[in-house]
Amino acid sequence: MTAGSAVVPPKPAHPPAARRGTTLAIVIAVGLSVAYVAGQLLFRAAPDLHQWSTVFIRFLPPEPTPFKVTRVLLLGGWAVALVLGLRLFADRRAGAGGLSVRNVRACRFGILAALLLPFAAMPSAAFGNAPRQLLLCLLVSGAALLFVHRTQSLRRMPGWLLLSGFGWGALIGGGFGIVMMTWYQRYAPGFLLEFEHPQAEVRRYVTLMALNAAVMAELGKAAGVAVLFLLFRRHFDGVVSGVVIGAAVGLGYNLVETVHFMSLIDVAHHPTQFWDRQVVGLMAAHVAFTALAGAGIGASRWLTGRRDRLLVVGGGLTAAVGGHFWTDMVLMRLDRYRSGWFGDDDTLSLLLGVPLLTLITSGVFVALGVLVLRRGLREQAAGVGRALAAEAASGRGAVTEPEIGLLLSPRRRLSLELRVWRRDGTAGVRHLTRFQQAQLDLATQGWHRGRAEADEFIPSEFRLRERVLELKGTPAGAEELS
């Protein structure tokens, strides 16, 4: 660097906004624990069951062992979180002589892990009880996750972030949903079933069971999108990113739900469950619902007013819960008539009846998610296109005029990747993909920087351009170093 040149300021190791994001993520994790405690308190307060018939005793099985393990792990997790929280409180009181930034960050993530990981006990048990079913479902869900990743026609989120969303849905979100459904099955009969009016009481019990499943499942899944958004906000570009992460979380939840139900039913019915959940309903139901919730969370990044952010996030979550509840209720009613529509042909009823019911129940929410994604992609393409043109006009070399059309066309980029693969193999494709994604990252962050709602999570333009020039094999000019 020459004398008098401007020095690029180093990025703070852990800026205040990042700390706020981690704190809010911990608040969400505490909220899941509060919901669990509420379920346990309702179970303790439920009326005694000794007066009920043997029919209901058969309907209500004993507490599963993984459910009991979850309770023990949560108690331990709360203890660990409390100790770490007290350590952070003492550090704050100590001032400059306290923990280092790295240790503070480790304590915060330790609190998150202690509060969240116990929910993975029941999904882990289901996976361990059905390894072959898990492997088969993983192959299908993995292909669907790759498809979701490719729907990002321009800048793509890192693969590890999508895998994190998938893992949340399969372990944390899935575990929370199963645990809360188990609590409902334990406490709700004591409040709702007295057998004075059996038909009305059973109908009320089933309806509230569907509502409980919808609320708890969607809260658990949306919590994962929100936590990833708060921790890795730099990778969220708005609606598109929210839809993609939401779909990844939904795929994970669909995986654990499929394996969990397969572990509870007879092996002869496994093909039916696989067809219903992993083929016909793979990109519907949970994926569509959580994509809508994720769209609201992603859109909130560029809203400055707290009321506006709450409205858009609440709207997405309401759509997810409403879609889940509608699907469950309508499916329960229509499934009784499915066999009658196709006579005595069980195969035809399965092959045509299941897709028809899925279309009736989840079709509108799938279509809505696609429309939201399409609108977000168009807005992203327009903003990135303007940023690419501005970067090319600057003459710094990171983006040239002929490259703009290629970068904005997913079809042309795919064709180029195939040609490079035939010539240079997978190593050449990896380098090309990294280079083009670095260019798109530079343009995308430039688009964000030009917005009135730009925040401090936007990375340094100098660093991004330096990365592009490095991959391009062009040394940074003096103007880049100044």
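Phe67, Thr70, Arg71, Leu74, Gly77, Ala81, Leu88 and Asp91 are the buried residues of α3 in this predicted model. Helix α3 comprises the 30 residues 65-94. At 1.5 Å a residue, α3 should span 44 Å, and the 44 Å separation of its end C-alpha atoms therefore agrees with that expectation. An α-helix has 3.6 residues a turn, so residues three or four places apart point the same way.

**Nonpolar cores**

The largest nonpolar core contains 75 residues, among which Trp168, Ile245, Leu251 and Leu255 touch the most other members. Helix α7, residues 159-192, supplies the largest share of this core, with 15 residues. A second, separate core has 11 residues, including Val384, Ala387, Leu388 and Ile404. In soluble globular proteins, nonpolar side chains tend to be buried together.

The surroundings of Leu251 can be described individually. Setting aside residues up to four places away in sequence, Leu251 is in contact with Ser141, Ala144, Leu145, Val148, Phe166, Leu282, Met283 and Val287.

**Two loop residues**

Ala284 is located in the loop that joins α10 (270-280) to α11. Beyond residues up to four places away in sequence, Ala284 touches Thr358, Ser362 and Val366. The C-alpha atoms of Ala284 and Val366 lie 6.0 Å apart, although 82 residues separate the two in sequence.

Ser300 occupies the loop between α11 (286-299) and α12 (306-341). With residues up to four places away in sequence excluded, Ser300 has contacts with Phe229, Arg309, Val312 and Val313.

**Burial and cysteines**

| Residue | Relative accessible area | Class |
|---|---|---|
| Ser300 | 6% | buried |
| Ala284 | 7% | buried |
| Cys107 | 10% | buried |
| Cys137 | 0% | buried |

The cut-off for burial is a relative accessible area under 20%. Ser300, at 6%, is therefore classed as buried, and Ala284 is likewise buried because its relative accessibility is 7%. Cys107 counts as buried because its relative accessibility is 10%, while Cys137 is buried with a value of 0%.

A disulfide is a covalent bond between the sulfur atoms of two cysteines. The structure holds 0 disulfides; the criterion applied is a pair of cysteine sulfur atoms within 2.5 Å.

Conventions. Residues are numbered from 1 along each chain as its sequence is written. This is a predicted model: local features need pLDDT of at least 70, side-chain atom pairs count only at pLDDT 80 or more; totals for chains, interfaces and linings use all residues. Side-chain values use heavy atoms; hydrogens and water are left out. Helices (H or I, at least four residues) and strands (E, at least two) are DSSP runs, numbered from the N terminus. Buried means under 20% relative accessible area, exposed over 50%, partly exposed in between (1.4 Å probe, protein chains only). Contact means heavy atoms within 4.5 Å. A nonpolar core is a set of buried Ala, Val, Leu, Ile, Met, Phe, Trp, Tyr and Cys residues joined through side-chain atoms within 4.5 Å. The expected span of a helix is 1.5 Å times one less than its number of residues.
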